[in-house]
Amino acid sequence: MASDSWAQAVDEQEAAAESIGSLQINEKDDKLKAAANGAKTEGDGEKKEDEDKEDKAAQSLLNKLIRSNLVNTTNQVEVLQRDPSSPLYSVKSFEELRLKPQLLQGVYAMGFNRPSKIQETALPMMLAEPPQNLIAQSQSGTGKTAAFVLAMLSHVDPENKWPQCLCVSPTYELALQTGKVIEQMGKFYPEVQLVYAIRGNKLERGTRLQEQIVIGTPGTVLDWCQKLKFIEPKRIKVFVLDEADVMIATQGHQDQSIRIQRMLPKTCQMLLFSATFEDTVWNFAKRIVPDPNIIKLKREEETLDTIKQYYVICNSKEEKFQALCNIYGAITIAQAMIFCHTRKTAGWLAGELSREGHQVALLSGEMQVEQRAAVIERFRDGKEKVLVTTNVCARGIDVEQVSVVINFDLPVDKDGNPDNETYLHRIGRTGRFGKRGLAINMVDSRFSMNILNRIQEHFNKKIEKLDTDDLDEIEKIAN
Ligand SMILES: Nc1ncnc2c1ncn2[C@@H]1O[C@H](COP(=O)(O)OP(=O)(O)OP(=O)(O)O)[C@@H](O)[C@H]1O
């Protein structure tokens with residue numbers, strides 16, 4: 001987006017966001033597109049209900065979009081079996097699961113060579129006969145969605161033209177993401193059809209769904225089961241509740257999910273997934289999933305060990321910008337993420353960088369979630385090389401793909417103390433899989449120097465001073 005005018009650049013960016021506003025739902029499916037738009041314009045009542053939930057749902061969506069790979073982990077899974085005397089199977093290959101050939105083909109076509117850590121244990125449990133219930137928790141990106149999608153696709157009988165698997169997600173954007181995985185994995189299994197139960201997807205009264213898999217948000221799924229009777233809940237064989245931690249942030253969603261669950265037969269397999277596991281999630285999970293097997297995978301600790309950290313002393317934001325230009329002039333930076341404290345600084349910086357000819361994307365708080373999603377996708381695809389964002393906007397987003405992180409402003413909490421956790425999350429990398437990274441901190445006052453010193457002390461890791469007027473010195477940091 002190396003446009004002369006920043007205003008024009010923003011327009012272009014926003015237009016791009018608009019055009020992907022429906023989150024690349026299968027373009028062929030006009031009905032669905034209309035439904036997604038309908039959901040937006042109708043002003044989803046659930047959406048307004050709880051901002052925290054929106055924030056969590058948005059974070060979860062953006063994380064899914066920015067990530068292109070599995071998050072590797074060296075931690076062992078913890079398993080709590082419903083029946084501790086039964087043998088615990090785990091698989092090291094997809095062949096061992098005896099999947100239908102069409103599904104195995106789908107798995108390989110997605111580029112999966114072997115099951116992820118959580119899939120090794122979760123898949124045999126989910127595919128066992130008789131079906132077993134499961135509660136599984138592991139951080140985002142560890143392969144949960146792929147696992148339950150495979151389970152759903154394995155359990156449907158394509159000959160039966162009615163819904164057999166039901167999956168509920170907290171928002172329609174998240175439902176569409178899961179739908180995409182079903183479509184990809186089921187690519188060679190066209191007899192299995194999918195329908196989205198999302199607000200705005202209006203079907204005629206009296207419709208009896210023929211699709212075997214239904215994916216949607218709790219309110220609409222409940223309506224379709226109860227009021228509109230598009231779905232016969234007694235015929236459901238697999239029920240998946242995804243993103244339980246995001247779901248419970250909305251009281252309404254919790255109740256609706258429980259009401260859906262109560263309509264399902266006792267023999268229905270219940271599966272619940274969550275990235276985190278506080279007591280509230282656990283209490284909810286136990287109400288949804290009777291007699292569960294439980295799988296937990298600890299989050300991989302982030303470390304600063306593989307990261308080179310520097311700081312640069314400046315006197316103003318203009319000097320910080322100049323320092324940034326000098327760095328860009330001296331080393332090749334494939335992609336960088338730049339964090340600012342306020343929207344105003346972020347907007348200003350994005351404008352300045354754009355004027356310098358950089359391809360800049362701006363992630364800002366006033367954008368709709370789908371606009372933010374579009375910005376993240378463009379950045380992930382390399383269409384923009386620099387992503388400027390505010391602290392709040394990028395909270396919780398994993399930036400592991402990005403090798404250079406610049407703190408244009410250091411992270412501080414609302415009391416003005418160093419926000420060590422955010423610092424680590426932005427800059428750190430996980431375990432021995434972690435790629436090397438470069439972090440540059442801009443210091444522009446005694447206050448920010450003090451913050452930097454405290455961050456240094458906290459992690460007991462030296463942050464080296466960098467003189468950005470010395471090109472030779474900058475060049476060295478890239479080696
Ligand atoms: N066995 C596998 N081998 C390689 N890649 C995989 C495997 N399983 C999943 N992936 C890929 O890893 C990424 C994360 O997987 P997935 O979305 O299933 O994780 P998740 O735990 O559900 O995270 P989230 O809740 O954020 O979606 C996806 O890009 C997915 O295609």
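How are α11 and α12 oriented to each other? I start my notes on this predicted model with that pair. Local features here need pLDDT of at least 70, side-chain atom pairs count only at pLDDT 80 or more, and totals for chains, interfaces and linings use all residues. Residues are numbered from 1 along each chain as its sequence is written, and side-chain values use heavy atoms, with hydrogens and water left out.

**Entry 1: the helix pair**

I looked up α11 (residues 251–263) and α12 (residues 279–288); their axes come within 10 Å and cross at roughly 20°. The two helices are therefore roughly parallel to each other (under 35 degrees; over 145 is roughly antiparallel, 65 to 115 roughly perpendicular, the rest oblique). Gln254, Ser257, Ile258, Gln261 and Arg262 of α11 make the contact with Phe284, Arg287 and Ile288 of α12 (heavy atoms within 4.5 Å). By class I find three nonpolar, three polar and two charged residues there. Nonpolar covers Ala, Val, Leu, Ile, Met, Phe, Trp, Tyr, Cys and Pro, charged covers Asp, Glu, Lys and Arg, and polar the others, Gly among them. Axes are lines fitted to C-alpha atoms, for helices over the stretch in contact, with angles from 0 to 180 degrees between N-to-C directions. Helices (H or I, at least four residues) and strands (E, at least two) are DSSP runs numbered from the N terminus.

**Entry 2: the annotated span**

I checked UniProt: an unreviewed entry lists residues 125–295 as "domain: Helicase ATP-binding". The end C-alpha atoms of this span lie 10 Å apart, and the span is 37% helix and 17% strand.

**Entry 3: the eight-stranded sheet**

I traced an open, mixed sheet in the order β1-β8-β2-β7-β6-β3-β5-β4. Its edge strands are β1 (77–80) and β4 (194–197), each pairing on one side only. Pairing takes at least two DSSP bridges between two strands. On average, neighbouring strands are turned by 15° against each other, direction ignored. β3 (residues 165–168) and β5 (residues 213–216) run parallel over four bridges. Val168 has Gly216 of β5 as its bridge partner. Helix α8 (residues 172–185) packs on the sheet and touches β3, β4 and β5, at about 180° to the direction of β4. I meet α12 again here: it touches β2, β6, β7 and β8, at about 165° to β7.

**Entry 4: the seven-stranded sheet**

I then followed an open sheet with parallel pairing, in the order β12-β13-β11-β14-β16-β10-β17. β12 and β17 (464–465) stand at the edges with a single partner strand each, so one side of each has no neighbour in the sheet. β14 (residues 404–407) and β16 (residues 437–443) pair over four bridges, with Val405 partnered by Ala439. Helix α13 (residues 317–330) lies across β10, β11, β13, β14 and β16, at about 155° to β16. Helix α15 lies across β11, β12 and β13, at about 150° to β12.

How many residues of β11 are buried? Five of the five are, so β11 is largely enclosed by the rest of the structure. Buried means under 20% relative accessible area, exposed over 50%, partly exposed in between (1.4 Å probe, protein chains only). Ala336, Ile338 and Cys340 are on one side, Met337 and Phe339 on the other. Met337 stands opposite Leu387 in β13, and Ile338 opposite Ile406 in β14. Last, I looked up Met367, in the loop between β12 (360–363) and α15 (369–380). Met367 counts as buried at 9% relative accessibility.

How values were computed
UniProt positions are given in the numbering used here, feature names are shortened, and annotations may be inferred rather than shown by experiment.
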